[in-house]
Amino acid sequence: MLGKIISFEGIEGTGKSTQIQRLKIFLESKNIEVLMIREPGNTYIGEQIRHLLQHDPNVHNMCPETELLLFEASRAQLVRELILPALNEKKWIICDRFFDSSAAYQGAARQLPKEIVEQFNRFAVGNCVPNLTILLDIDVEIALQRLQQRKEKKDRIESESIEFFRRVREKYLQLAREESSRFFTIDATLSEKVIAEKICTYVQERFAL
Ligand code: Z5A
C-alpha cells in the first residue's frame, strides 16, 4: 500500500501551520512516518520560485499568468522530487497548501480562467490527488487581524485587498461543497486545541487508525 496525502487549505492566518504540527505528532504516535511540505517551496527549485513569488523586492509587476506558471512549476518539481518517492516509501505527506490554492488564488482571486488553472494543476500533479483536504475556514477580517499581530513585513500576496481574500475564501467553500468526499471543513475560530481534536478524530476514523 502507498502512503497518503493530506493537504491543508485556507486563507492566511487560519492556523494551518499550527494544526499541521499537531497532526504530525498524532500520526507519529500511530507509528506513521510523515513528510511535511509547504507550497511553494521545499525543493531547491521551489525555494527559488518562492522567493520570486513572495519576497523578491525587485518583483513589482508579475502578471497573473506568470504567477500561475511559477506556482505550477514549483508544484511539478515537488511532486516528482519529494512526494512520489515518499508515497512509494509508504510515508504520509502533509501539505501546507496544494493545487486547491491555485484554484482559489490564481483562479478565483486573480480571475484566470478556471479551465486553464485546472489543466495546469492536472499537468503539475498527475495522479497525486490528496486523500483528504482539510479546509480551515474563517472570516477574512478575523484572519487579517491575526496576521496584523505578526511583526513581519507583508509579502507580495499578503498585501492584496480584502476583496481578493474574500474571493479566495468563497472559492474554497465552493470546492468543499463540490468535492465533499475529499474535503473536511472546520471552523477556524475555534480554539487550537478543539480544532486539533476534531482533525485527529476525523483522521483516525476516516483511515481506521
Ligand atoms: N499561494 C497561491 O497564491 N497559489 C498557490 O498555488 C499556492 C500558494 C500554493 C503562501 O503563503 C502564499 O502563496 C499564500 C497563498 C499563495 N499567500 N497568501 N496570502 P505562506 O506559505 O507564506 O503562508 P500561508 O500558507 O498563507 O500561511 P500562514 O501565513 O503561515 O498562516 P497559517 O499557517 O494558516 O496560520 P498559523 O501561522 O498557524 O497561525 C497564524 C496566527 O494565528 C498565529 O499567530 C497563531 O498563533 C494564531 N492561531 C492559530 N490558530 C489559532 C486559533 N485556533 N485561534 C486563535 N489564533 C490562532
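This is a predicted model: local features need pLDDT of at least 70, side-chain atom pairs count only at pLDDT 80 or more; totals for chains, interfaces and linings use all residues.
## The largest pocket

The largest pocket has a volume of about 1,100 Å³. Its lining is made of 45 residues, and those closest to the centre are Glu-12, Gly-13, Arg-97, Arg-150 and Glu-158. Several helices give two or more residues each to this lining: helix 1 (16-29), helix 2 (44-55), helix 3 (64-88), helix 4 (99-109), helix 6 (140-148), helix 7 (162-178) and helix 8 (192-206).

Which helix gives the most to the lining of the largest pocket? Helix 6 does, with 5 residues.

## The ligand and its shell

The ligand sits in the largest pocket. Two or more residues of the shell around the ligand come from each of helix 1, helix 2, helix 3, helix 4 and helix 8. Helix 4 gives the most to this shell, with 4 residues, whereas helix 6 gives the most to the lining of the pocket.

The shell consists of 27 residues, and the closest to the ligand are Glu-12, Ser-17, Thr-18, Arg-97 and Ser-102.

For Thr-18, a polar side-chain atom is 2.5 Å from a ligand oxygen. For Arg-97, the distance from a polar side-chain atom to an oxygen of the ligand is 2.7 Å. For Glu-12, an N or O atom of the side chain lies 2.9 Å from a ligand oxygen.

How much of the ligand does the protein bury? Taken alone, the ligand exposes 1,100 Å², and the protein buries 83% of that area. Glu-12 and Arg-97 are also among the residues closest to the centre of the largest pocket.

## The second largest pocket

The second largest pocket has a volume of about 330 Å³. Its lining has 18 residues, and Phe-99, Asp-100, Glu-118, Asn-121 and Glu-179 lie nearest the centre.

Helix 4, helix 5 (114-125) and helix 7 each supply at least two residues of this lining. Helix 5 has the largest share, 6 residues. The lining of the second largest pocket is made up of 8 charged, 7 nonpolar and 3 polar residues. Helix 4 and helix 7 each give two or more residues to the lining of the largest pocket as well.

Terms used: Residues are numbered from 1 along each chain as its sequence is written. Side-chain values use heavy atoms; hydrogens and water are left out. On a 1 Å grid over the protein atoms alone, a cavity is a set of points where a 1.4 Å probe fits but cannot get out, and a pocket is an open set with protein on both sides within 12 Å along at least five of seven lines; lining residues have an atom within 4 Å of a point. Grid points are joined across faces, edges and corners, and a volume is the space filled by probe spheres set on the points. Ala, Val, Leu, Ile, Met, Phe, Trp, Tyr, Cys and Pro count as nonpolar, Asp, Glu, Lys and Arg as charged, and the others, Gly among them, as polar. A residue is near a molecule or strand if one of its heavy atoms lies within 4 Å of it. A polar contact is a pair of N or O atoms within 3.5 Å; within protein, one must be able to donate a hydrogen and the other to accept it, and residues adjacent in sequence count only if both atoms are side-chain atoms. Accessible areas come from the Shrake-Rupley method with a 1.4 Å probe; for residues, only the protein chains shown count as cover. A molecule sits in a cavity or pocket if more than half of its atoms lie within 2 Å of its grid points.
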